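Student: I have just opened this structure and would like to go through it step by step. Could you guide me?
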Amino acid sequence: MQNFTFHNPVRMEFGKGKEKNIGKYMAETGAKRALIVYGSERVRKSGLLGEAEDALRAEGIEFAELGGVKSNPVLSKVREGITAAREFRADSVLAIGGGSVLDSCKAIAAGALYEGDVWDFFVGKSPAKALKIYDIMTLAATGSEMNSGGVVTNEATKQKFALDAPCLFPTVSVVNPELQSTVTREYLVYSASDIIAHSIEGYFTASDQPALINGYIETNIKTVMRTTEILLANPADYEARAEFAWAATMALNGLTYVGTAGYSYPNHMIEHAMGAITDCAHGAGLSVVMPAWMKWYKNRNLAQFERFAREIFALEGADAGIDALKAWFEKIGTPTKLVQVGVSETNEAEIIALAAKYAQSWGGKELYTVSNLKQIFDLAR
């Protein structure tokens, strides 16, 4: 196990009815003027937005609102949010929604206190300060509620990039699994794919991977698979919903990388290029990329792929495990072929070229060349 520093300052408030206390949580931690950010009007129709507004009023917290954040959040909406936060003189942001809303809030929180263009934080510069960040999560997938990163697409340049800094950890995150029970079947299975992708990146690519972390990741993946099947049959099952939500958080809060070394995020790198061009749902793109990448990469870490097959599916052989994962994706109804996520003969070359360009900054430029990426895409047909 490698030396490591682990620091995660997020206060998690998990469970039924916790969203009713959001005003109290924010007041306790010094928030006085909040920009509430959300996606669709679904949160208003459900009553959740009104409930949050009442909770803030009860604590004397003033607020303004910004709706319309889309899945695969975009830079133009972030810039709109920065302007709104500055005009309102916000000291905090409250995200109500899924990872797209929270990722947008992180960028807004950083950009509101920065004199330059917020895109600087996606292309090398790190924010030193940000508004306080709070969230009420209505979708379990990205783990953004307990990490310091966020992803946004620059529509003008077709770059889907991330920002990350210690000041972007949420102050308080609220996860009530009951609020996630109305998630569509499609987004449930896309979320399962996303969580599994977060789990396997280091698992398969790390040059040093402790056995303890292997076991932790495998348990998380099996939990996601088990609870996904339960929720597809019965979306109202609270225990399954709660375990699924917590598995999403645990997959990307830093614990899966404790004591590891030499890992990378190739599946996310490739999907970010795919999503930037096709605007496909992130989890849908990942379920296409993962089995193909695994087939292509397996011989570089064969023992780990054999372990995956054995521990996750009780099968022998790397290919058997990869085929079983692809079959499970097909069983739950998330895509496994390029054509299903809008990749075609007209845009594939552009996506591959963009992914190869991403590799210059993500790492692995020698490995993820246009030629090698083409081989991966050929395995995803």
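Tutor: Let us begin with a term: a residue is called buried when its relative accessible area is under 20%, and exposed when that area is over 50%. Please also keep in mind that this is a predicted model.

Student: Then how many residues of strand S2 are buried?
Tutor: Six of the six residues of S2, which covers residues 33–38, are buried, and the strand is mostly covered.

Student: Which residues of S2 point one way, and which the other?
Tutor: Arg33, Leu35 and Val37 point one way, while Ala34, Ile36 and Tyr38 point the other way. In a regular strand, side chains alternate between the two faces of the sheet.

Student: Is Cys167 buried or partly exposed?
Tutor: Cys167 counts as partly exposed, because its relative accessibility is 22%. Cys280, by contrast, has a relative accessible area of 7% and is buried.

Student: What about salt bridges: how many does the structure hold?
Tutor: There are 25 salt bridges. Among them is the one between Lys20 and Glu51, whose closest N and O atoms are 3.7 Å apart. This pair links distant parts of the chain, 31 residues apart: Lys20 is in the loop between strand S1 (11–14) and helix H1 (22–28), and Glu51 is in helix H3 (residues 48–58).

Student: How accessible are Lys20 and Glu51?
Tutor: Lys20 counts as partly exposed at 49% relative accessibility. Glu51 is also partly exposed, at 27%.

Student: Which residue does Lys70 meet in a salt bridge?
Tutor: The side chain of Lys70 meets that of Asp279, with an N to O distance of 3.1 Å. Lys70 lies in the loop between S3 and helix H4 (75–88), and Asp279 in the loop between helix H9 (266–278) and helix H10 (282–297), so the pair ties together parts that are 209 residues apart in sequence.

Student: Where does Asp279 come relative to H9?
Tutor: Asp279 follows H9, and its phi is positive, near 60°. Asp279 counts as partly exposed, at 43% relative accessibility.

Student: And H9 itself, how many of its residues are buried?
Tutor: In H9, 13 of the 13 residues are buried, so the helix is largely enclosed by the rest of the structure. H9 reaches 18 Å from its first C-alpha to its last, close to the 18 Å expected at 1.5 Å a residue.

Student: Where is the kink in H6 centred?
Tutor: The kink in H6 is centred on Ser199 and amounts to about 30°. H6 covers residues 185–205 and reaches 31 Å from its first C-alpha to its last, close to the 30 Å expected. This helix is mostly covered, as 18 of its 21 residues are buried.

Student: Back to salt bridges for a moment: which residue does Glu218 pair with?
Tutor: Glu218 and Arg307 meet through their side chains in a salt bridge of 2.5 Å, N to O. They link distant parts of the chain, with Glu218 in helix H7 (residues 211–233) and Arg307 in helix H11 (residues 302–313), 89 residues apart. Glu218 is buried, with a relative accessible area of 4%, whereas Arg307 is partly exposed at 22%.

Student: Finally, how many aromatic pairs are found?
Tutor: A search of the whole structure finds 20 aromatic pairs. One of them joins Tyr114 and Phe121 in a tilted arrangement, 4.5 Å centre to centre with 45° between the planes.

Student: Which residues form the aromatic cluster?
Tutor: Tyr203, Phe204, Trp293, Tyr297, Phe305, Phe308 and Phe313 form one aromatic cluster.

Technical notes
Residues numbered from 1 in each chain as written. Predicted model: local features only at pLDDT ≥ 70, side-chain atom pairs only at ≥ 80, totals over all residues. Heavy atoms only, no water. Buried < 20%, exposed > 50% of the residue type's maximum accessible area, 1.4 Å probe, protein only. Helix = DSSP H or I, 4+ residues; strand = E, 2+ residues; numbered from the N terminus. Salt bridge = Lys/Arg side-chain N within 4 Å of Asp/Glu carboxyl O. Expected span 1.5 Å × (residues − 1). Bend = angle between axes of the 7 residues up to and from the residue. Phe/Tyr/Trp six-rings, centres within 6.5 Å; stacked < 30°, edge-to-face > 60°.
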